[in-house]
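The points after the lead are grouped by topic.

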Amino acid sequence: MRITRVAAVAAVAALALTVAACGGDGGDGDDTGSGSKTFEAGSTMERLNKAQKIIVGTKFDQPGFGLKGLDNKPAGFDVEIGKIIADELGIAADKVEYIEAPSAVREEVLEQGKADIVVATYTINDKRKERIDFAGPYYIAGQHIMVRSDDSSITGPDSFKAGDKKVCSVQGSTPGDNIKKYLANPASPGAQLVLFDGYQKCVDALTNKQVDAVTTDNVILLGYVAKSEGKFKLTGEKFTEEPYGIGVKKGDTAFREFVNATLEKIYTDGRYAKAWQDTAGKFDSTVPQGPAVNRY
Amino acid sequence: MSVLVDHLDVFVGGFWLTFQLCILSAIGALVVGTLVAVMRISPIPPLRWIGTAYVTVFRNSPLTIVMFFAAFGLPALGSNADFLRVPGLSSVFSRLSIDLPYFRFAVIALALYTAAFVCEAIRSGINAVSPGQAEAARAIGLTFGQNLRYVVLPQAWKSAIVPLGSVIIAMIKNSALAGFFGVVGDLSNSGINLTSALGEPIIPVFIGVSIGYLVMTVPLGMLLDRVERRRAVAAR
């Protein structure tokens, strides 16, 4: 009996909080609702606004950017950016639907229309531009190197050229491909490079001293450094620029322009900084400057 | 399909590495599997128990778990599987000798896992030998070892060869998992790298990967068919 009562009280409290939260959101400007925003007829913006639904492709395993928690909802900087774009389209945050867009299928989900936008630590590059279009960038990440705290022998990517240091990254990722050219023998990376299907395995290999370093984008590594209680540190400087963009369907220039304009707007009105502080800012408290969008 | 031509070197390299992995694992699995089979039929109870326990554990654990324990359990126990860095072998299979141990871990995991199935295939072959053969051998005074070597195993191999072939084909396909446990540049890993890091279209890449595996498995299957037909004729 007692347990039931406690549960009931908890449920009521949770309900009250949810209602309060919705009310708060409404006050921030969500009350504009569906009807009050008008878009050019026939555009993607109009279609999404009419449907009152947007599907955002994001990662479910990227702490700080897109991580699906125990509450079954992804959270992170990418997710917040997705919500802001939805908001600009006149779609409430709870009408945003998320699908998982791991690195391997990000182009496919856009091409097949399974997602309207993809915000998934998605580095803009020319090869990808052949299949989809990018708005943004909205953040410039950079590849960095993480080592054990007591290791001072690695100072940057060039430390791998001697051939005696081993490095770990994730298979099919841009950082995993980037680091190859710093290895003693780039043509057969197997002697120095190990690739797993997730970063946690790399961190385990680093702890077990099978590898000497883990490399990927700074934001991901910062998450592990923050969790490691002093066991790991970053070394050297960022040595690449990874401009994270928002993937949209190829050829949808009007929509891309709309997302670009949204980004420029939120750089100045504080929503960008707030999105960062609430999410990735927990690992890296310096709020990034919103990078200039690239209208190619 | 141009990706197959543009990245032919990647596919060929991946094929070659997977091939090496399969050869080494097959040798390991056949040796360990035969030993376990002998243990399972030996007259000494503790050996029988060990053999049974081995088969039970490895046959009923998912390969992912076995791979995981090889890749993360062995280092935690302080072993980098350096005993596999045999000088002569390493000069042919150069991946064995490099500092990063994950190729060796994959060989160990795949060999130990497949050995359980090899053991059962061989045991089925031994069961197919009529009991009179072993009894007659014992009657003329052969020891257990001699009995196995000269009478039972040569006949058992013959009826075990087709199931053994299926076990090895399954092993070749299972080797795709190695790419997820740190083996860089095998067929499956190459395919993933081409699609995600380099953004190549998925379907042609995986057609290429499938061709790689089929090149290894189909000839083996055809060979087994021939062996089986020959044996069927001989039995008539």
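The largest cavity holds about 40 Å³ of space, and in this predicted model the count of cavities of 30 Å³ or more comes to 1. Residues from chain A and from chain B line that cavity, among them A:Leu193 and B:Phe103. The remaining points describe the lining, the contact between the two chains and the build of chain B.

**The cavity and its lining**

- From chain A, the lining of the largest cavity takes A:Gly190, A:Leu193 and A:Val194, while chain B contributes B:Arg95, B:Ile98, B:Leu100, B:Tyr102, B:Phe103, B:Gly182, B:Val183 and B:Val184.
- Strand S10 (193–196) of chain A and helix H6 (102–128) of chain B each supply at least two residues of this lining.
- Sorted by class, the lining residues divide into 8 nonpolar, 2 polar and 1 charged.

**The contact between the chains**

- Chain B brings 25 residues to the contact and chain A brings 29 residues, and the area buried between them is about 2,300 Å², with carbon and sulfur atoms giving 57% of that area.
- On the chain B side, the residues that lose the most area to chain A are B:Phe72, B:Leu100 and B:Val184, which together account for 24% of what that side buries.

**Polar and charged pairs across the contact**

- The count between chain B and chain A is 1 salt bridge, in which the side chains of B:Glu200 and A:Lys127 meet at 3.5 Å, N to O.
- Between chain B and chain A, 4 residue pairs are in polar contact, with both residues at pLDDT 80 or more.
- Helix H4 (63–76) and helix H9 (187–197) of chain B each supply at least two residues of the side that touches chain A, and H9(B) gives the largest share of that side, 5 residues.
- By class, the side of chain B that touches chain A has 15 nonpolar, 7 polar and 3 charged residues.

**The build of chain B**

- The secondary structure of chain B comes to 10 helices and 0 strands, so that, by the DSSP runs used here, its pattern along the sequence reads α-α-α-α-α-α-α-α-α-α.
- The C-alpha trace of chain B spans about 70 × 50 × 35 Å along its principal axes.

Key
Residues numbered from 1 in each chain as written. Chains lettered and ligands numbered in written order. Heavy atoms only, no water. Contact = heavy atoms within 4.5 Å. Buried area = accessible area lost by both parts, 1.4 Å probe. Salt bridge = Lys/Arg side-chain N within 4 Å of Asp/Glu carboxyl O. Polar contact = N/O pair within 3.5 Å; in protein donor to acceptor, adjacent residues only side chain to side chain. Helix = DSSP H or I, 4+ residues; strand = E, 2+ residues; numbered from the N terminus. Nonpolar A, V, L, I, M, F, W, Y, C, P; charged D, E, K, R; others polar. 1 Å grid on protein atoms, 1.4 Å probe; cavity = no way out; pocket = protein on both sides within 12 Å on 5 of 7 lines; lining within 4 Å. Points joined across faces, edges and corners; volume = space filled by probe spheres on them.
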